[in-house]
Amino acid sequence: EQPLFTTSAHVFEIDPDTKKSWLPSSKQAVPVSFYCDPMRSHHRIISVDGTTVIVNSSITQSMHFMKTSAKFGQWSDARANTVYGLGFSSESDLNKFAEKFNETKATISAKPPQQNSGMETNGYNKDSTENKNEISNPSMNNSKITWRMEAELSNLKSRNEEISLLLQNCRDDNEQLKSKIQRLEEQKNALTTECNQRNIHDEKIFNLEEQQQIHLQTIERLQKELQGQEILEEENERLTSQCQDLIRENEMLKEQVNSLSAGSDDALSDTKSLLKLKALQKTLGNQIGDLQSIHAEIFSLLNPQEYSC
């Protein structure tokens with residue numbers, strides 16, 4: 001056997017019990033190679049992890065390599081009764097492996113006609129000889145029929161495995177989609193609830209802002225009233241001070257009035273006394289005048305001669 005192509009990949013096998021999950025055959029990426037035996041026209045895929053052969057799959061015309069993701073591919077091996085899966089590090093490695101797989105299948109499909117063409121020098125004689133051999137040897141005919149039926153059965157099994165695997169993958173994808181849809185529905189409901197809560201919250205914020213605006217207007221009005229009250233208090237203090245000054249001035253005026261009242265009483269008393277004195281003076285003057293008159297009359301009477309002179 002000669003190696004034709006080698007790549008590196010993580011190797012998996014389908015779980016034989018569930019046929020749903022993959023079981024890793026290697027803990028890390030290992031070489032996966034295509035081998036060809038030109039003498040027998042036999043091609044196979046071989047992968048060895050250390051000293052353990054984890055893939056030994058003979059390639060047949062009925063095999064199909066399927067890409068199930070950007071970096072993962074698989075094929076069904078009916079003879080080994082399993083499904084192999086390969087995980088590549090890049091999409092280009094997967095594409096190269098798929099191209100080599102299809103190229104090898106094409107080589108297997110093209111070889112039988114090439115071998116037959118070299119032998120078909122006389123087609124009629126060959127077919128007649130084969131028919132005669134089949135008629136003369138029924139056991140050979142039965143073995144060929146059995147071989148063909150087994151090959152066809154193997155192909156059908158392989159296709160059935162592939163279809164079953166595809167169907168299972170579709171079911172798994174469907175379950176995943178259902179799960180995703182359910183999660184999306186839950187997220188949608190959560191977002192709807194959150195949106196409603198936000199709307200309620202926004203409405204509360206709007207109401208609070210209105211209340212805040214009303215409170216600010218009230219505070220502004222109270223501040224103005226407080227400023228007016230402060231002005232009134234200042235005016236009250238000024239008026240109180242003026243009132244106190246007036247009270248003190250009134251007290252002083254009262255004292256002055258009292259003192260003036262006392263002085264007026266004294267002046268009035270003095271005026272009355274003066275009038276009385278003037279009246280007494282006048283009376284006294286009159287009396288003095290009368291006394292002088294009387295004195296003169298007495299003097300004249302006492303000294304008539306002197307008075308006559």
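**Disulfides.** I looked first for disulfides, a disulfide being a pair of cysteine sulfur atoms within 2.5 Å. By this rule I found zero. Cysteine 36 is buried, at 9%, and cysteine 195 is partly exposed, at 40%.

**Basis of the entries.** I note that this is a predicted model, in which local features need pLDDT of at least 70 and side-chain atom pairs count only at pLDDT 80 or more, while totals for chains, interfaces and linings use all residues. Residues are numbered from 1 along each chain as its sequence is written, and side-chain values use heavy atoms, with hydrogens and water left out.

**Nonpolar core.** I next turned to the nonpolar core, defined as a set of buried Ala, Val, Leu, Ile, Met, Phe, Trp, Tyr and Cys residues joined through side-chain atoms within 4.5 Å. The largest one has 20 residues, and those with the most contacts inside it are Ile45, Trp75, Leu86, Phe97 and Phe101. Two or more residues each come from β1 (2-14), β3 (30-37), β5 (52-58), β8 (82-87) and α1 (91-119). Helix α1 gives the largest share, five residues. For these labels, helices (H or I, at least four residues) and strands (E, at least two) are DSSP runs, numbered from the N terminus.

**Tryptophan 75.** I located tryptophan 75 in strand β7 (residues 72-77). Its relative accessible area is 0%, so it counts as buried. I listed its contacts (heavy atoms within 4.5 Å), leaving aside neighbours within four places in sequence; among them are Ile45, Val55, Met63, Phe65, Leu86, Phe97 and Phe101. Methionine 63 lies 12 residues away along the chain, and its C-alpha atom is 6.8 Å from that of tryptophan 75.

**Salt bridges.** I counted four salt bridges, each requiring a side-chain nitrogen of Lys or Arg within 4 Å of a carboxyl oxygen of Asp or Glu. I followed up several of them.

- Glutamate 103 pairs with lysine 100, with the closest N and O atoms 3.7 Å apart. Both lie in helix α1, three residues apart, about one turn of the helix. Glutamate 103 is partly exposed at 47%, whereas lysine 100 is buried at 15%.
- Arginine 198 pairs with glutamate 194 at 2.8 Å between the closest N and O atoms. Both are in helix α3, four residues apart, about one turn of the helix. Arginine 198 is exposed at 51%, and glutamate 194 is partly exposed at 33%.
- Aspartate 245 pairs with arginine 248, the closest N and O atoms being 2.0 Å apart. These two are three residues apart in helix α3, so about one helical turn separates them. Aspartate 245 is partly exposed at 34%, as is arginine 248 at 45%.

**Surface patch.** Last, I looked for a nonpolar patch, built from Val, Leu, Ile, Met, Phe, Trp and Tyr residues with over 30% relative accessible area and no salt bridge, their side chains joined within 5 Å. Leu274, Leu277 and Leu280 form one on the surface, with about 300 Å² of accessible area together. I note that accessible areas come from the Shrake-Rupley method with a 1.4 Å probe, and for residues only the protein chains shown count as cover. Leucine 277 is in helix α3 (residues 138-302) and is exposed, at 52%.

Technical notes:
Buried < 20%, exposed > 50% of the residue type's maximum accessible area, 1.4 Å probe, protein only. Patch = residues over 30% accessible without salt bridge, like charges linked within 9 Å, V, L, I, M, F, W, Y side chains within 5 Å.
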